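Here are my notes on the model you sent over. Have the structure open while you read, and take the points in order.

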Amino acid sequence: VNQITIADLFAKHVSKQPITMITAYDYITGTWAQAAECDMVLVGDSLAMCALGYNSTTEISLQEFKYHVAAVCRAPGTAFVVADMPFGSFESSLEKGIETAVSLMQVSSKVGAVKLEVGSSSNPNGLRDYSLRLAEELCSRGIPVVGHIGLTPQRVHALSGYKAQGGADARRAEAIHRTAQELERVGCFSVVLECVPHKVSETITRNLNIPTIGIGAGKNTSGQVLVQSDLLGMLPGKLPRLAKQYGHLYEDSVRCIRTYMDEVTTGKFPENEKHGFRIKETVWLEYL
Ligand code: KIV
Ligand code: NA
């Protein structure tokens, strides 16, 4: 089977079938996402926090991030792979942003697009968001781009925290809507809407031709994305409201490791006959 293409994603969108996307951070989580036959696998910079223990996505370097993109791409499967543009890898100039996007695409032929966080100024006469200009430059060079608007975690300080966007201020909701339309206009083939009120994301979805992928954006987007470590319950602690936990890998893993420890302590594991290796009788006698 061939890799899923943007045309395949559009066909799904046009026939009103929801598009599924999940994050992956390494070869193991990539293999799981691919085995489940998710349409899209996102190497999200959430891996900084969920797989590397950083406090914020702003702490990861492009070099560290690429190491993970490569690992995810080594997982076999047909999903359309999207790589995030990490914080610090594109802000200084359009040239730098283009170089970063090219270098992410060059990590593996499996990388089909980059994802870029884009701000929404609530001032319609204000300076056009730099990331919007970068999205346009990338699209014009044939680099497929997924825009990411609403709650943009790399801009956590600019947004004064991780909070829903556009629910308390009509101008803010309008700005997000306008940014989504701008992203379509400059050539993005999809837009991620994060923590946007579901009425707003539904309206945006209705007004766009490209598919919207929601996280904390309600059910009426063209598709959904979840963070794999949230979905599987890989880490202890409370999940954000937008996530749903379908598994308990953290508890399961700790329990399995404890069972292994118990078996080592009590001599139940390993068993010589089952897990060990034999020496030939003649060799054994000679060795003795
Ligand atoms: O990094 C990430 O996981 C993301 C998704 C939540 C959209 O950007
Ligand atoms: Na991200």
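1. A definition to start: I call two residues in contact, or touching, if their C-beta atoms, placed from the backbone, lie within 7 Å. Take Val41: leaving out residues up to four places away in sequence, Val41 touches Ile22, Ala24, Gly30, Ala33, Gln34, Val72, Ala79 and Val81.

2. Some housekeeping. This is a predicted model, where local features need pLDDT of at least 70 and side-chain atom pairs count only at pLDDT 80 or more, while totals for chains, interfaces and linings use all residues. Residues are numbered from 1 along each chain as its sequence is written, with chains lettered from A and ligands numbered from 1 in the order written.

3. Overall layout: the chain has 12 helices and eight strands, which are DSSP runs (H or I of at least four residues for helices, E of at least two for strands) numbered from the N terminus. The C-alpha atoms fill a box of roughly 90 × 40 × 35 Å along the principal axes. The domain assignment, automatic or from a database, gives domain 1 (6-247) and domain 2 (253-287). Their centres, over C-alpha atoms, are 46 Å apart.

4. What share of the 288 residues counts as buried? The figure is 41%, where buried takes 20 or more other C-beta atoms within 10 Å of the residue's own, exposed 12 or fewer, and partly exposed anything in between.

5. Back to Val41: along with Val81 and Val114, it touches the most other members of the largest nonpolar core, which has 68 residues. Such a core is a set of buried Ala, Val, Leu, Ile, Met, Phe, Trp, Tyr and Cys residues joined through C-beta atoms within 7 Å. Helix H7 (residues 170-186) supplies the largest share of this core, five residues.

6. Glu136 counts as partly exposed because it has 19 C-beta neighbours inside 10 Å. Beyond its neighbours within four places in sequence, Glu136 is in contact with Val186 and Gly187. Its C-alpha atom is 8.7 Å from that of Arg185, 49 residues away along the chain.

7. Strands E6 (residues 190-194) and E7 run parallel, joined by four bridges; pairing takes at least two DSSP bridges. Glu194 has Ile215 in E7 as its bridge partner. Within E7 (residues 212-215), Thr212 and Gly214 point one way, Ile213 and Ile215 the other, and all are buried.
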